[in-house]
Amino acid sequence: MKRLTVFIISLCFLSGCAFKSPPAPANGPRITFNHEEFDFGHVDEGIELEHVFTVTNTGTETLQIEKAHSTCGCTVPTLPKSKLEPGESTTITVKLDTAMKQDQVTKTVDVDSDDPDRPKVILSMYMDVANRHKALAERDKAKILSDAKCIGCHVSQGVGLFGEELYKADCGMCHGEDAQGKVGPCLIRDYNDPAVRKYIWEVTANGSKHRITMPGFIESAGGPLAKEQVDSIVDYLAKLSKK
Ligand code: HEC
Ligand code: HEC
């Protein structure tokens, strides 16, 4: 018993628990948010959401926020002030377009600063998107294929391309650079099976019956691609799957 007590005391001593002092004031710049996660709860598809994060410099030196950015243009952060003196605060307002989203969605904003301990803080926003307005969703179905705010990333870069280049420009952002899956499922399959090939072609051309996130990409379905381009993507996926 005595040995155990000695053991515990020495453990405490080694870990400093007996003499714990309050955390030392942060030297240098320190980035602190009022919260780093926010849950919008249930929201409708096709609306604009907004959330404001407050950021404070709780350090002892000027904090320089380099940028606040998101990979998808549907999530746009605005940062009014990038230089904060000790004790000073500002806000980061995030505007989020729920067009084409469905079910559980997480969107993130990366905030880069010169805080030596946390050079990148990731702000997360959660939402459960209900596709209640069926008619609106139908109209918005191919927003990434038609809306000026979205086509810059989701379509324009693929114009005139075929095969691998076209896949990387139009599909990689959702299915992963190597088609291993991301927002959309992995597309590495057995393309020797004609049924698989036909199915992949069909969904690429005419979209998913279950999720609005996967619109039809062929011209006759309102998309930007000619039949030969859809063929070339399926050929590329078949080649990729053989590796
Ligand atoms: C700056 C380039 C860019 C722009 C502009 C852009 N997107 Fe995206 N989008 C991406 C990337 C990259 C992804 C891959 C997932 C990610 O990184 O968030 C993506 C993924 C998506 C997804 C998949 C599901 C999800 O939310 O992750 C949807 C839906 C989407 N974008 C809709 C839109 C809509 C609607 C617009 C126009 C309002 C738009 N995007 C504008 C780059 C962009
Ligand atoms: C905005 C994101 C997004 C983009 C861009 C996108 N997809 Fe998809 N894709 C999805 C999602 C999400 C699904 C899942 C649909 C479902 O569950 O019904 C999907 C499903 C598919 C499927 C069916 C897979 C299966 O197992 O059911 C195929 C095939 C496919 N996509 C091919 C493509 C190709 C090829 C491109 C480029 C021309 C592309 N997708 C662009 C999001 C995207």
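This is a predicted model: local features need pLDDT of at least 70, side-chain atom pairs count only at pLDDT 80 or more; totals for chains, interfaces and linings use all residues.
Trainee: Which residue in β8 does lysine 67 stand opposite?

Mentor: Strand β4 spans residues 63-69 and strand β8 spans residues 103-113. The two run antiparallel and are joined by four bridges. The residue of β8 that stands opposite lysine 67 is aspartate 112.

Trainee: Which elements are included in what covers the buried residues of α5?

Mentor: Helix α5 comprises residues 163-170, and Gly163, Leu166, Tyr167, Ala169 and Asp170 are buried there. The cover over these buried residues includes α4 (148-154), α6 (172-175) and α8 (227-242).

Trainee: What is the arrangement of the six donor atoms around the iron atom of ligand 2?

Mentor: The protein donors are His175, through NE2, and Met214, through SD, lying 2.0 to 2.1 Å from the iron atom. The six donor atoms subtend angles of 88 to 179° at the iron atom, and the arrangement is therefore octahedral.

Trainee: How many residues apart in sequence are the parts that histidine 175 and methionine 214 tie together?

Mentor: Histidine 175 lies in helix α6, whereas methionine 214 lies in the loop between α7 (194-206) and α8. The pair therefore ties together parts whose separation in sequence is 39 residues.

Trainee: Is histidine 175 buried or exposed?

Mentor: The relative accessible area of histidine 175 is 11%. Because a residue under 20% counts as buried, histidine 175 is buried.

Terms used. Residues are numbered from 1 along each chain as its sequence is written. Chains are lettered from A and ligands numbered from 1 in the order in which they are written. Side-chain values use heavy atoms; hydrogens and water are left out. Two strands pair if DSSP finds at least two bridges between them. Buried means under 20% relative accessible area, exposed over 50%, partly exposed in between (1.4 Å probe, protein chains only). Contact means heavy atoms within 4.5 Å. Donors are N, O and S atoms within 2.8 Å of the metal (3.2 Å for Na, K and Ca); water is not among the atoms, so sites may look incomplete. Four donors count as tetrahedral if all angles lie between 85 and 135 degrees; four count as square planar and six as octahedral if opposite donors are over 155 degrees apart and all others between 65 and 115; anything else is irregular.
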